[in-house]
Amino acid sequence: MLLAPDLPGPLLKLLALFFWALAIATATAFIVHPIWLPENISLNGVDVDQQLNLTLCIAGAAFVIAHMLLGLFLWRFGGKQAGRALYWHESHRMETAWTVVTAVIFVGLGLQGSRVWAREYLTDPPANAMTIEVTGQQFAWNFRYPGPDGKFGRTRPDKVDDSEGNYIGLDDGDPAGTDDITTQNVIAIPVNRPIQLIIRSRDVLHSFFVPVLRFKQDAVPGMGIPVHFTATKTGEYEVACAELCGMQHYKMRARFLVMTDTDFNAWLKSRSQ
Amino acid sequence: MSSHASTSHSTGHAAPQGFIRKYVFSTDHKVIGIQYIFLGLFSAILGTALSMMMRLRLAWPGSQFPLLEHIFPTGFPGGVMSPEFYLAVLTIHGTIMVFFLLTTVPLSGFGNYILPIQIGARDMAFPVLNMLSYWTTVVALMVLMASMFVEGGAPISGWTAYPPLSALGKIAGPGLGAGQTLWIASIAIFCLASLLTALNFITTTLNMRAAGMSLMRMPLTVWAWFTASTVALLAFPVLLGGGILLLLDRLAGTSFFLASGMVVSGKVMTNSGGSPILWQHLFWFFGHPEVYIIILPGMGITSHIISTFSRKPIFAYKAMVAAIFAIGFIGFIVWGHHMFASGMSPLVGMVFSVLTLTVGVPSAIKVFNWLATLWGGHIRCTASMLYALGFVSFFVTGGVTGLLLAQPAIDVYFHDTYFVVAHFHIIMGLAAVFSIFAALHFWFPKMFGRYMSETLGKVHFWITITGVYSIFIPMHFLGMAGAPRRYAQFTEFAYLSKLQPLTIHISWAAFVVGAAQLILLFNIFRSMRWGKRAPDNAWEATTLEWVIPSPPPHDNFGDMEPVVYRGPYEFSVPGAKADFILQTEQEVEGGE
């Protein structure tokens, strides 16, 4: 009548081998990693990558150890055995030990990660930071530089006119706006200089994602969300939209140019004409 | 069981006559449980078919599929799947899987069938309400299906339906008209049904237990269903409220989630005063506990099955109960980890981060206890046990990546990339689905009096576990490379287009897994009719469902008045005559 006792060993040992192989193959893939994060070009990204690697090591160790043990127990206790199973169902010492160890590791990791976060997000941008405004729209990124006066001009929703190229609704009645420089789908910044972005949206949610800077920030209508960073390497990179914004979400791309000071000033000048 | 008139305890439970009362509008918790399971099966077939279509487009974005054009003329103009159709498929896939499969089957399906029997009750506390819950769920599913066939197209805003996209109406693009309205209505109706079910489960557990079934003698499945129901009772009203506000924004011109100054498709909107982030708080205040509504029953089922087939008492029963409670409680105060990039205060993000890592502790305790239960066991290799071990593996694999996502500094890179897609598919999707497979093979003999085929079960297990790991381990690397989710194709970005070979590999693995599910379907329907006959106690197990006939009579226990004398997992007790002792056994020969 009993099904189970007739079906022990081989399949459980196979599962043990499967779990071991899974642990080894996955760990190897992460160590060799033919595909990985794109290079980091942000000052803060160095800390982020370090914390990421530390956490990956801990997560990887937990993953490998758990699967090794799982496999080991199946191998050892999966075959035919004489007598009865062990009548053993508690051990306060072991339970206390693994609870405390896990709690210390997890919460410690959280506090360590919070320090990296706080350094990046709970600090004001340096006084010499250059401010650029980012405005998402379906399905493009708009950028605005304040111009020589250092001030952004007023915007009004009713001034938005895509056919005129006024994507953000710059109000021509405000003199502070006359020297503002706007671009679409291309942003340039000088290398090694703190940059502050004010991220906005004019319609639905978008998310400003620059993989080489190691952050993304949602663009939310009605809000101007500040983020700051310093790029340390010149080159051309990409901005993606990472929040579902409609049918052409997958096409919402901007070029992200990091330039030397001289190149940047020339670029900005060419844009202001 | 006796055909004599029932004794005083079984009042009001005469078996109904006639097909409609017996199988359609039934108030019998067992029939309703099976109805939920079949509703889930239908949803799973649909949801899986949709995911196959997504994999087609992702792997070969420009290719023509003339056959699919015949079936979906508007979704495949010229045979090529349109991006908005991709987003619609993605939205319905997520919605149907999360709500109508993962929420419905482990809790409402198996919980309905098994919970009353395991505590020694003859039915749920409110049988008519139970029937109402089921049919309300059916209405919700029908409304969701209808949303795919209305003018303007199926909804495209994902299962999270973030406003403004979901609130603006058709001005914001295709798929945001009537289809989106019906989507919200469907979810609101589903909330109502889930609330009624939760109420019923809680009352039943607290009030209907047999003599001797003290709380600390309840099987861990019952603890898990009870806790998940409590979480559901507190979480679903928030989504219901949010859904109603979102409907008002769409239909009545309010601005709960809409800020001033929006310009949509060239038109200046007149809304003012609302906040899109408010929806995210309401949604995730529900949405994160929802993850635990899905996974707690899976944990209960896994504990139950691992104990049974290791022939050992579950290790640290009390700690397991405490961990279920801790997860249910802490699960309510971690929702902000979905919102690190939303514009929420960074300081609040830090608090949510540490709380989120805290919820990892009771989760880890459960894994340790499952391992300790295996130690020294006489492990029986049933298909059900293999699936339960698969659950443990997925719970670990999906859990450890949570350590990365819980830290905002790291999460703002991974948020909304395929790393997250891999993470939640493993820990929420696969773990829960494997608990469903385990439960199905385990309780099928009770439900239908016949075993499912062990051989087919094992073949299905091996193909599925190998296949899904071939999908989701590589998928982490898409996320590592920074591939955003909800992209209809990866070809528009230089840094993404080099990922295409990996995407194609994932699609092929997905097709294998999808095809393998036919084995499961075949096994279910074949075994109902031709499976090997099962005795009442099909697995030599200990809890109350194994005391009664398979399938059980309408009032479960007939003339028997179940009395419970011991805990739920008395396996391999030294000196006992068998290696299991039923909860109803009073004396143990030879003592302990």
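The following questions and answers concern a predicted model and treat its chains, sheets, helices and peptide bonds in turn.

Q: Into which domains is chain A divided, and how many Å separate their centres?
A: Chain A is divided into domain 1, with residues 7–78 and 95–121, and domain 2, with residues 130–272. In the contact between them, 10 residues of domain 1 of chain A meet 10 residues of domain 2 of chain A. The touching side of domain 1 of chain A has five nonpolar, four polar and one charged residues. Taken over C-alpha atoms, the centres of domain 1 and domain 2 of chain A are separated by 38 Å.

Q: Which element of chain A gives the most residues to the side that touches chain B?
A: The contact between the chains involves 95 residues of chain A and 105 residues of chain B. On the side of chain A, at least two residues each come from α1 (10–32), α2, α3 (92–121), β6 (206–210), β7 (215–219) and β9 (235–241). By class, this side of chain A has 61 nonpolar, 19 polar and 15 charged residues. With 17 residues, the element that gives the most is α3(A).

Q: What is the handedness of the crossing of α2(A) and α11(B), and how many residues of their contact are nonpolar?
A: The crossing of α2(A) and α11(B) is right-handed. Residues of α2(A) in the contact include Leu52(A), Ala59(A), Phe63(A) and Leu70(A), while those of α11(B) include Val392(B), Val396(B), Val400(B) and Leu404(B). In this contact of α2(A) with α11(B) there are no charged residues and five polar ones, and the number of nonpolar residues is 13.

Q: What is the bridge partner of Phe208(A) in β9(A)?
A: A further open sheet of chain A has five strands in the order β4-β10-β9-β6-β7, with mixed pairing. Its edge strands are β4 (186–190) and β7 of chain A. Within this sheet, two bridges join β6(A) to β9(A), and these strands run antiparallel. The bridge partner of Phe208(A) in β9(A) is Cys241(A).

Q: Where is Arg214(A), a residue with a positive phi?
A: Phi of Arg214(A) is near 65 degrees. This value is positive although the residue is not glycine. The place of Arg214(A) is in the loop between β6 and β7 of chain A.

Q: How many nonpolar residues does the contact of α8(B) with α9(B) have?
A: In chain B, helix α8 (residues 276–310) and helix α9 (residues 317–330) pack at about 170 degrees with their axes 11 Å apart, which means that α8(B) is roughly antiparallel to α9(B). Tyr292(B), Leu296(B), Met299(B) and Ser303(B) of α8(B) meet Met320(B), Ile324(B), Ile327(B) and Gly328(B) of α9(B). By class, the contact has no charged and two polar residues, and the number of nonpolar residues is six.

Q: Where in chain B are Pro164(B) and Pro551(B)?
A: A cis peptide bond with omega of about 5 degrees joins Pro163(B) and Pro164(B). The peptide bond from Ser550(B) to Pro551(B) is also cis, with omega near -10 degrees. Pro164(B) is in the loop between α5 (127–146) and α6 (178–207) of chain B, and Pro551(B) is in the segment after α16 (500–530) of chain B.

Note on methods
Residues numbered from 1 in each chain as written. Chains lettered and ligands numbered in written order. Predicted model: local features only at pLDDT ≥ 70, side-chain atom pairs only at ≥ 80, totals over all residues. Left-handed = near helix turned anticlockwise from the far one by under 90°. Helix = DSSP H or I, 4+ residues; strand = E, 2+ residues; numbered from the N terminus. Contact = placed C-beta atoms within 7 Å. Nonpolar A, V, L, I, M, F, W, Y, C, P; charged D, E, K, R; others polar. Domains from an automatic or database assignment. Axes fitted to C-alpha atoms, helices over the stretch in contact; angles between N-to-C directions. Parallel < 35°, antiparallel > 145°, perpendicular 65-115°, else oblique. Pairing = 2+ DSSP bridges.
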